[in-house]
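Here is a walk through one protein model, taken piece by piece. Have the viewer open while you read.

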Amino acid sequence: MTVLKRMNGGEANLLVEGRLDTVTAPDLEKELLLLSEASSLEMDFSKLEYISSAGLRVLLSAHKVFAKKNGMTITNVGEMVMDVFEVTGFKDILSIR
């Protein structure tokens, strides 16, 4: 997994590429901890190929943190990842565009 990070004022933008699974979820979690000063988060999943329950856990934690601020949005979700969001109910929890 590769994470490209960009700050735009108080908004953090992340492009997540590859697989978000048990091996890579801790890396994303570390990246998100570094964004504690950000007021909002946008995550681009256009290049995310796979997400496991470990990845979902990281997203849920980030959602809880940014819900207390200006929110978290996930964009450009591919069909395979969207299927996981739908089956797990995350589609109703997360803000997805």
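## A buried aspartate

D21 is buried, with a relative accessible area of 15%; buried means under 20% relative accessible area, exposed over 50% and partly exposed in between, using a 1.4 Å probe and protein chains only. You'll find D21 in the loop between strand 2 and helix 1. Helices (H or I, at least four residues) and strands (E, at least two) are DSSP runs, numbered from the N terminus.

What does the side chain of D21 reach? It gets to the backbone nitrogen of V23, at 3.1 Å. Setting aside neighbours within four places in sequence, D21 is also in contact with Y50, S52 and A54, where contact means heavy atoms within 4.5 Å.

## Ground rules

This is a predicted model, so to speak with terms attached: local features need pLDDT of at least 70, side-chain atom pairs count only at pLDDT 80 or more, and totals for chains, interfaces and linings use all residues. Residues are numbered from 1 along each chain as its sequence is written, and side-chain values use heavy atoms, with hydrogens and water left out.

The strands form an open sheet of five, in the order 1-2-3-4-5, with mixed pairing. Strand 1 and strand 5 (95-96) are the edges, each pairing on one side only. Two strands count as paired if DSSP finds at least two bridges between them.

Strand 1 (residues 2-8) and strand 2 (residues 11-20) run antiparallel and are joined by seven bridges; L4 has L15 as its bridge partner there. Two residues sit between the strands of this hairpin, and G9 takes a positive phi near 65 degrees. From strand 2 to strand 3 (residues 40-51) the pairing is parallel, with nine bridges, and L20 is partnered by I51. Strand 3 and strand 4 (residues 72-75) are parallel too, over four bridges, with E42 bridged to T73. Strand 4 and strand 5 run parallel with two bridges, and I74 stands opposite I96.

The chain goes from strand 2 through helix 1 (residues 25-33) to strand 3 in a right-handed β-α-β crossover. Right-handed here means that, with the strands pointing away from the viewer, the path from the first strand over the helix to the second runs clockwise. Strand 3, helix 2 (residues 53-67) and strand 4 make another right-handed β-α-β unit.

Helix 1 lies across strand 1, strand 2 and strand 3, at about 175 degrees to strand 2. Helix 2 touches strand 2, strand 3 and strand 4, and its direction makes about 170 degrees with that of strand 3. For these angles, axes are lines fitted to C-alpha atoms, for helices over the stretch in contact, and the angles run from 0 to 180 degrees between N-to-C directions.

Which residues of helix 1 are buried? They are A25, L28 and L32. Seen down the axis, the buried residues of helix 1 fall within an arc of 60 degrees, so they line one face of the helix; the arc is that of the directions from the helix axis to the C-beta atoms. An α-helix has 3.6 residues a turn, so residues three or four places apart point the same way. Strand 1, strand 2, strand 3 and helix 2 are among what covers the buried residues of helix 1. The face turned away from them carries the exposed residues K30 and L33.

In helix 3 (residues 79-88), V81, M82 and F85 are buried. They cover an arc of only 100 degrees around the axis, which puts them on the same side of helix 3. These buried residues pack against strand 3, helix 2, strand 4, helix 4 (90-93) and strand 5. E79, M80 and V87 are exposed on the other side of helix 3.

V84 is also in helix 3, and is partly exposed, with a relative accessible area of 24%. Not counting residues up to four places away in sequence, V84 touches I51 and L56. V84 and L56 are 28 residues apart in sequence and 9.2 Å apart in space, C-alpha to C-alpha.

## Positive phi spots

Most residues other than glycine have a negative phi. N76 has a positive phi, near 55 degrees, without being a glycine. It is found in the loop between strand 4 and helix 3 and is partly exposed, with a relative accessible area of 43%. Just after helix 3, G89 takes a positive phi of about 85 degrees.

Terms used: Polar contact = N/O pair within 3.5 Å; in protein donor to acceptor, adjacent residues only side chain to side chain.
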